[in-house]
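Hello,

Here is the structure I promised to pass on to you. Please have it open while you read, as my notes follow below it.

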Amino acid sequence: MSESQLIEYKESWRDEYLKWICGFANAQGGVLYIGKRDDGSVCGVADSKKLMEDIPNKVRDVLGLIVDVDLMNENGLNVIKITVEENPYPVNYKGEYHYRTGSTKQLLQGSALTNFLLRKTGKNWDSIPFENITVEDLDKESFDIFHREAIRSGRMSKDDLKLSNLELLEKLNLLDGTMLKRAAVLLFHRNPEKWITGSFVKIGFFENDADLRYQDEVHGSLMIQADRVIDLLYTKYLTAEISYDNITRIEHYPFPKDAIREAIFNALIHQDFSVGVPVQISVYKDKLYISNDCVFPANWTTETLMKKHRSLPHNPDIANTFFRAGFIESWGRGIEKICRLCKEYGISEPEYTVHPNDIMMMFKANMIAVTQKDDTVNDTVNDTVNAILALIKQNPSITYEDLTKKTGKSRRTISRIITELKTTGTIVRVGSDKTGHWMINQ
């Protein structure tokens, strides 16, 4: 039997192995064998009688635990079996907190340690109460967004939404006694960054990994971020291929909108806000990345994510509110839904890169749509340029307003194209803007 989450082999005893016992106690428990090699083969221990007395005493004195220590005989050799039960309270080794994950032992530090200690005391990061912030300090627009979406999704009744803001927060389990939880502040305060640094979304468009062309930040409550980030992404950062079915206009974006929405909302509810780093969306011509800092449940891997799994949100109070608003699915079906939507859209499933403290999801664009989109955009721009030149040739004194009306393009588009034509020397303005005229250089 190989080493696993619940089994560890050591050839001989060292006092530092108390760290492994500490790790088992803080996780799911486990068994430490002394007298076995890493592959599970028996090598035996020579001083088993002394160890049978020393180990229980050292575990008790250093860790404050009582463990079962048994002497076994395998193939004529002595093996010591130390059985460790999961402890309901945090266990430390000389001030250090160790944790068993997979077949390794990890020293918990930073946010991982904070979240471990909170879980052991029955708390989550988003359930800690805030002092000196009241319901009156929360944002009306954020509540309005929740009301609108909750009614649309049907996950709360109209009678529920007639409650006062305080009664609604109580129903959503966002109060700790009379105090607001962190989740309530993040969800409904206009400026949660005043207390929780990095609680916003950053979006950037990249020509390549080293060339950031432009970027935006979406601030405000999580309700406001959820309401605005998708619209910003699909109106400014992603361009649709336009086609027509008879007179019906059809827009086909490089990524399925519902899948991207689900992924972004999942990033928000699983975000480790204690790190102070925002959720980040990086847009390229042919791909899109969504990354967020998070704390995964013990032993979770990329494979765990891609399979059906329990819903274990890092911020359960935030997740519950997002669910009640209809923003997300429940019961761990978010990734399953994203993969299905990508398949239906004709693109591959997203690729996940999982690190100890963050996760990055990468969507590949529908390249046929991207190519067709670029061709369509280029053709459209060329047609508009030719139309402007033709109109100037017909009437050298034509105004911006007339160009806008005759081409059907916005004033901003006309201004941009005119600027480009002047820069390249294709046209020249003679005289003032009011009384002058255009001249085309042939």
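Predicted model: local features only at pLDDT ≥ 70, side-chain atom pairs only at ≥ 80, totals over all residues.

**The four-stranded sheet**

Four strands make an open sheet here, in the order β1-β2-β4-β3, and their pairing is mixed. At its edges you will find β1 (7–10) and β3 (68–74), each of which pairs on one side only. From one strand to the next, the twist averages 20°.

Inside this sheet, β2 (residues 30–34) and β4 (residues 77–84) run antiparallel and are joined by five bridges. If you want landmarks for that pairing, I34 stands opposite I80 of β4, and V31 is set opposite T83 of β4. On its other pairing, β4 meets β3, again in the antiparallel sense, over seven bridges. One of the pairs to look for there is D70 with its bridge partner K81 in β4. β3 and β4 form a hairpin with two residues between them, and N75 in the turn has a positive phi of about 55°.

Searching the whole structure gave 24 salt bridges. One to look at is the pair R100 and E8, whose side chains meet at 2.6 Å, N to O. R100 belongs to strand β5 (residues 98–101) and E8 to strand β1, so this pair ties together parts that lie 92 residues apart in sequence.

**Helix α8 and its two partners**

How do α8 and α11 pack against each other? Helix α8 (residues 257–270) and helix α11 (residues 334–345) pack at an angle of about 155°, with their axes 8 Å apart. Angles over 145 degrees count as roughly antiparallel, and α8 and α11 are therefore roughly antiparallel to each other. Their crossing is left-handed. On the α8 side, the contact is made by D258, A259, E262, A263 and N266. From α11 come G334, I335, K337, I338, L341 and C342. By class, this contact has six nonpolar, two polar and three charged residues.

The other partner is α10 (residues 316–324), whose axis comes within 8 Å of that of α8, the two crossing at roughly 145°. Here F265, L268 and I269 of α8 meet I318, A319 and F322 of α10. By class, the contact of α8 with α10 has six nonpolar residues, with no polar and no charged ones.

I hope this helps you find your way around. Do write back with any thoughts once you have had a look.

Best wishes

Conventions: Residues numbered from 1 in each chain as written. Heavy atoms only, no water. Axes fitted to C-alpha atoms, helices over the stretch in contact; angles between N-to-C directions. Parallel < 35°, antiparallel > 145°, perpendicular 65-115°, else oblique. Left-handed = near helix turned anticlockwise from the far one by under 90°. Contact = heavy atoms within 4.5 Å. Nonpolar A, V, L, I, M, F, W, Y, C, P; charged D, E, K, R; others polar. Pairing = 2+ DSSP bridges. Salt bridge = Lys/Arg side-chain N within 4 Å of Asp/Glu carboxyl O.
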